[in-house]
Amino acid sequence: MAKYLLLKHYRGAPAAVNDVPMDKWAPEEITAHVQYMNDFAARLETTGEFVDGQALSPEGTWVRYDGEGRPPVTDGPFAETKDLIAGWMVIDVDSYERAVELAGELSAAPGAGGKPIHEWLELRPFLTEPPTITE
Amino acid sequence: MNEALLRSLTPSVLGILVRRGADFAAGEDAVQDALVEAVRVWPTDPPRDPKGWLVTVAWRRFLDATRADAARRRREDLVDEEPAPGPTPAVDDTLQLYFLCAHPSLTPSSAVALTLRAVGGLTTRQIAQAYLVPEATMAQRISRAKRTVSGVRFDQPGDVATVLRVLYLVFNEGYSGDVDLAAEAIRLTRQLSAAIDHPEVAGLLALMLLHHARRATRNAPDGSLVPLAEQDRGRWDTTSIAEGVQILQAALARDRLGEFQAQAAIAALHADAPAAEETDWVQIVEWYDELVRLTDSPVVRLNRAVAVGEADGPRAGLAALAALDDALPRHTAVAAYLHERDGDLATAARLYAEAARRAPNLAERDHLTRQAARLNAGRGR
């Protein structure tokens with residue numbers, strides 16, 4: 001088994017094929033999209049491949065240590081930041097091919113006009129524990 | 001076996017152990033062990049006296065643990081001595097446990113976890129599931145909480161307000177594992193109101209019952225949020241509403257108003273309206289004025305602006321809103337709603353979309369996005 005992160009970006013990825021902001025969809029199209037995402041996660045639970053899924057608020061804060069006895073510095077958002085993470089799903093699957101297949105399905109979630117969004121999702125393998133048998 | 005009945009015995013059993021000389025942390029562990037044992041044994045071998053059974057088993061577990069304890073500081077005093085049960089001031093013990101588990105030295109999340117375990121009798125696993133954290137994390141949180149209150153004397157009276165805040169949190173926050181936290185909060189508040197006569201305890205119980213009554217209608221079958229005005233009032237739980245109203249009226253009659261009674265009064269006015277249009281918004285605004293006086297909370301002022309918008313028209317609501325900090329959570333969503341009611345649909349759509357970006361949870365985000373989409377598609381409600 002191998003764990004993969006399916007990463008969804010607000011920005012930073014190339015534009016989706018069906019690239020319309022959600023508040024310009026018909027209300028029923030939003031409902032259909034949410035349903036698709038819920039069904040997708042529920043199906044992965046039944047196949048034993050779902051690990052975790054979370055959505056993130058678009059707004060956050062950059063924080064860094066500022067030396068002994070001083071409060072951390074907070075800043076941002078930085079104008080030069082191109083990337084913004086919208087959320088993720090973690091899956092535990094048998095192969096890279098299965099991970100690609102699932103990411104493809106997730107990217108086909110319906111959007112404006114009820115047509116697949118074709119958005120880019122980033123697929124990142126987890127770094128794992130070293131195996132017990134090494135030779 | 002009725003698990004709720006079993007768990008309702010938890011605080012009095014723990015109280016008895018502590019009065020016999022067990023320290024709180026070890027006693028609480030022993031009671032947990034006894035509960036687990038009861039779940040295993042009772043279905044095939046039900047005890048005649050469930051509470052007596054739990055006390056006996058928990059006390060033995062406690063003695064075993066004390067014997068095994070390397071420190072053995074208190075061993076000589078306790079081992080091989082099973083005190084006569086005697087009269088047990090069960091009610092007082094239960095109340096003391098609430099105070100201890102909500103002690104002001106605890107953080108809110110620790111107080112919630114400790115209350116659910118020591119008073120509610122839930123297992124660490126159940127509590128971890130309810131708050132979506134690993135079981136080991138929740139176990140650590142609970143044992144740290146127990147250490148924090150280890151020096152607190154058990155028989156000291158506490159502040160009911162701290163207990164009510166904890167119970168309010170249990171009702172209002174958390175996810176569902178195999179435990180219904182809202183129902184659990186109601187059970188614990190009911191138990192507390194049996195142990196102490198206090199109008200705010202009654203007020204919180206009424207508030208919970210009135211909100212719980214609407215539960216089945218708060219979400220559509222697909223999980224999306226249904227706002228109060230659009231809920232199917234015919235499906236509200238009238239038994240729960242009647243009980244909440246009755247408890248609230250008895251509390252208000254005592255003329256010691258507090259924030260939970262005032263919140264419950266607002267919920268009761270909503271429950272009382274057969275249709276959203278028949279809501280008595282003027283009276284609701286008056287209750288919000290009381291709440292502002294009692295709490296001076298900006299969140300209350302924000303809710304008041306919504307009520308003013310209904311009672312005196314959207315312009316009045318927007319004027320009330322203008323006095324508030326626009327960084328307040330849900331400020332933008334309220335502004336969007338009032339602008340829509342005022343007929344400025346373009347501004348409303350833009351604000352709904354902005355509110356969606358600031359939404360604190362997915363259900364609200366989806367709801368607000370749908371509101372923006374509805375207006376952008378040129379549709380009314």
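Mentor: In chain B, helix α12 (residues 199–212) packs with α13(B) at an angle of about 160 degrees, their axes lying 8 Å apart, where axes are lines fitted to C-alpha atoms, for helices over the stretch in contact, and angles run from 0 to 180 degrees between N-to-C directions. Because of that angle α12(B) is roughly antiparallel to α13(B), a label for angles over 145 degrees. The model is predicted, so local features need pLDDT of at least 70 and side-chain atom pairs count only at pLDDT 80 or more, while totals for chains, interfaces and linings use all residues. Residues are numbered from 1 along each chain as its sequence is written, and chains are lettered from A and ligands numbered from 1 in the order in which they are written. Helices here are DSSP runs (H or I, at least four residues), numbered from the N terminus.

Among the residues of α12(B) that meet α13(B) are B:Leu205 and B:Leu209, and the partners in α13(B) include B:Ile247 and B:Leu248; contact requires C-beta atoms, placed from the backbone, within 7 Å. By class, this contact has 11 nonpolar, 4 polar and 1 charged residues, with Ala, Val, Leu, Ile, Met, Phe, Trp, Tyr, Cys and Pro counted as nonpolar, Asp, Glu, Lys and Arg as charged, and the others, Gly among them, as polar.

Helix α13 of chain B (residues 238–252) also holds B:Leu252, which counts as partly exposed because it has 19 C-beta neighbours inside 10 Å (20 or more would be buried, 12 or fewer exposed). From B:Leu252 to B:Ala262 the C-alpha distance is 9.0 Å, across 10 residues in sequence.

Conventions. Helix = DSSP H or I, 4+ residues; strand = E, 2+ residues; numbered from the N terminus. Parallel < 35°, antiparallel > 145°, perpendicular 65-115°, else oblique. Contact = placed C-beta atoms within 7 Å.
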